[in-house]
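Me: I would like to learn how to read a few local features of a protein model, going from the general idea to the particular case. Could we take them one at a time?

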Amino acid sequence: MAIRVNPRFIDDLDRFGAEDVQLCYQCGDCSTVCSHADEVFVFPRKSMRLLQMGLDKKIETTLEPWLCYYCGQCSEQCPREAEPGETMMSLRRWLISRYDFTGIARQFFISGTTEIIAVVFVAILTGIFLLYYGFSGGNIDIYDGEGAFLPSTFIHKFDLSVGLAVGVFLLINALRMWYMTMIKGVTIPVPWWIYLKQLYQFPWHFFTQKRYSECESKNRQPLYMPWFIHLGLMLGYVTMLILVMVYIEKFQAGPEIQWSVHIFGYLASIGLIVGTIYFIRNRVRKNYVQYKKSHSTDWVFVTLLFLIVVTGITQHILHRTGIYEWANIMYVVHLMCVVPWLLRMPFTKWAHLIYRPLAMYFAAIRRDVLALQEKLVYSFPINIK
Amino acid sequence: MRTGVFFCQMEDSRNLNIDAIAKYSANLPEVETVQILGSKPHPDLNIVCEQIKSNNLERIVIAGDMPGYFKPVFTRAMAMAGGNTNEVRLASFLEHGARGENAMDRAKAIVACATMGVPFSLVAVPSGNPVNHATLIIGAGIAGIQSALEIANAGKQVYLVEQSGTIGGHMAMFDKTFPTLDCAACILTPRMVSVGQHDMIRLLTYSKVTAVTGKPGSYRVKIRQKARHVDIKACVACNQCTDVCPVKVKSEFDTGLSLRKAIYIPFPQAVPNAYLVDAENCTYIQSEGEKCGACQRKCPKECINLDETDQTLDIEVGNIILATGYELLDVSRIEQYGYGVYPNVLTSLEFERLTNASGMTGGRIITKTKHINKKTKDEEWIFSPEGMPPRSVAIIHCVGSRNKKYNPYCSRVCCMYSLKFAHLIKEKIPNVAVYEFYIDMRAFGKGYEEFAERIKQEGTFIVRGHSASVTMNNGQMVVRGEDIFNDRLVEFKVDMVVLAVGLIPSPGVEELSRIFGIQRDSDGWFSELDYNGSPTDTDRGGIYVAGMCQAPKDIPDTVAQASAVAAGVLRSLTSGKGIGHLSSLSLSEIEKRAKNIQTI
């Protein structure tokens, strides 16, 4: 198969945040210090090389960017200050834009203003819709039950429809990812039983993020901190999503606290608030190499999440203390943050929630396929010379 | 001639005020227009052409750090405007040394000469001074020795100043030279001996230059000679003093891997072949004559005087050569290689001593063994006779070199000496595995590429890929690296790691550059006047640089440069005139001379 070189690829990636790729002189220090690089997936140097050569179609089929958790070891070690860690991060952004069939992701990544305008637009639209709905049938002084401003049955339907839209986008993008990496990216067709055999990898990596903790074992930060916080944030987010999508009617009822669901809500809130504050603080302080450069999407990500958590908690307190009018207003503001945030998900970094465990799953399959292939084709060892 | 001056300065990082120079050049005769274009974007052909036509220019001067870079545009513009393309002239600030204190005046003079159409180098020749026929050489490594011999053999007086107790420098520590694998000592020691015995060379070991006054051709130099406590002329190196000395300290010559006494000779072939007392560790001197003094009593020739004091010496010389050499980067700063943590991680210089037949193991390549210090009861790792030869050795190139955090430059010699190490290990130990981790193989000299090929054929594993990790796993060192050509990660169990450490200027250069008023470049090496044209001269007349102190270079290049310096010195001596300090020429003087030449 002919390989086409895209000489503008490196300039293109500049807009996704990788500025110093051209400095790399291929010493391999980054691969050496990386705790995830192994026999099959050698990175980040190889990705840097593909980038320098402008092989965008080849990079599309690789999984290496997803195997990196950006612990920053490579960037710290790099003798040329070519920022391999940041390059892998930018490649992930670029891959998200490639998996995305709508082209929205690309626009968000290359122009911060576009994203902010889109977020504000969706937020205002949501606000207008909710206020119209609330005033047309409900009373602003009633929070839940008969004649409520935003009754939980309505919110349930509303949530599910937004969730469905997001789910459809994510599913299509994930299928595109599968096509690019597992159909175009492997040399022999993958037998179906390997898919089955490795299926456990997806939930395992989704819920534990085991590999991230391996990353940190070499890092100097105490208590596996970034992994711990990252896991807390992710679990909090998923818990919240389930609560809101499935148990909203029980969740919204009040004013007494429903411990059976609210206990999860409180735990998730702690995870989310600690996580967002931790990430915002690090991005402002730039104290670790992985937080030195912040893309515009990163800022939108953390600020929006922070707003969601703060408005959500405020709304909860107002509701429980009986100030229903303000609780309703805060509810609208909260949803004005939540809806653009959810709709934004398939097109931005948050999509790695799905892509990364999927990539682990695919990587495990590829490893098996390669072993199979080696058994079939190469039966002699390779000598180093 | 109607002249236009165009400033195309790359980056205004140096202390040049382009606006002031532009103002000055606007007042020069015949200058019609002065334009400051900057370097980005590239000057537009059509605009320049339009300028030439509208001002009716007959001559263009491009001024800046690298004006030659922009010359093609201006030449084409001149041709398009129908002018004489020979009249596109360059005023290069960088080439003619517009830097340092007199940078502004120099830059103005450069522009003035260019506008008058007179080459700067024709005008800017400082008047010669009568020259004192003695020469001072600082640093007695191979560069200083070579220069000293060249000049002394021409019959001129040389003062050779060396801060340690013996001449020879780093080359005396080496085992073999690349690529010929000649014995380094066999090349060096005869020269050292002839330096020691030469009538025209006055050797000042254990000495330092403290002050310099005067002008080119007649410098007055103050030299502080540390007390050696041993009479060089009387000492016969019988070794009886060392036998009785109770103090043991690490030997500098063996890079701290073996022990010496407080009264010692650096190595058996040292020149001058006499002992010296290390005042900082001598019990007698430290206790101010209260304790010890055993050597003084023992010496059969009565040549030890522990009460001797430092002396100051004043000499007058015409020329000064700086040959201060280099040292290794402190590699314990680079943590991932484990130097100082794992016992069998060695620097290149330590390995040279290990493999050298005059070294602490007599040339046997062995690993360190654990040993309990009798006095302090501490565990320490030393080279002892029962040490076993390593079964596998990893050599890592570019340690601290070509690295933005340490040395951004290439140290030039590491690739070749690493290959040499591989050969020496293979030669001395049968069935040993040697792994070389490299980034780019820089085998640039005569016979070097062939040498590299030969080492590959000898069965050394040459891994294209740098290693950045040396770890200890159950008492076994593991070197991890990426084998880029074979697209895989490799991990080798090794018994010894040799680090090809980058080179930095020797620690005294900062002080010397202040004493002599010599500029240093951003990496700390002495700046030469012009890298291509006069690589041995400095900004200051009558002061030259030779060898590593100018930039990293191998032995052949060092010797060549040292000889070239000698030629420069002898030129000034035979002509009777030394070339003065360029800064001594005033701007008005240069203008006047340029005008005179122009009217001829």
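Reply: Let us begin with strand pairing: two strands count as paired if DSSP finds at least two bridges between them. The model here is a predicted one, and in it strands β21 (residues 369–372) and β22 (residues 379–382) of chain B run antiparallel and are joined by four bridges.

Me: Which residue stands opposite B:E379 in β22(B), and how many residues lie between the strands of the hairpin of β21(B) and β22(B)?

Reply: Opposite B:E379 stands B:I372. The hairpin has six residues between its strands, and B:K377 takes a positive phi near 65° there.

Me: How are two packed helices described?

Reply: In general, one gives the angle between their axes and the distance between the axes. In chain B, the axes of helix α2 (residues 45–55) and helix α3 (residues 71–80) come within 8 Å and cross at roughly 50°, which makes α2(B) oblique to α3(B). The crossing of these two helices is right-handed.

Me: Which residues of α2(B) and α3(B) meet?

Reply: From α2(B), B:L45, B:V48, B:C49 and B:I52 meet B:V73, B:F74, B:R76, B:A77, B:M78 and B:M80 of α3(B). By class, the residues of this contact divide into nine nonpolar, no polar and one charged.

Me: Is A:I142 buried, exposed or partly exposed?

Reply: A residue is buried if 20 or more other C-beta atoms lie within 10 Å of its own, and exposed if 12 or fewer do. A:I142 has 16 C-beta neighbours inside 10 Å, and therefore counts as partly exposed. A:I142 sits in the loop between α9 (112–137) and α10 (152–183) of chain A, and among the residues it touches are A:G147 and A:Y324.

Definitions and conventions: Residues numbered from 1 in each chain as written. Chains lettered and ligands numbered in written order. Predicted model: local features only at pLDDT ≥ 70, side-chain atom pairs only at ≥ 80, totals over all residues. Axes fitted to C-alpha atoms, helices over the stretch in contact; angles between N-to-C directions. Parallel < 35°, antiparallel > 145°, perpendicular 65-115°, else oblique. Left-handed = near helix turned anticlockwise from the far one by under 90°. Contact = placed C-beta atoms within 7 Å. Nonpolar A, V, L, I, M, F, W, Y, C, P; charged D, E, K, R; others polar. Lists of a residue's contacts leave out its neighbours within four places in sequence.
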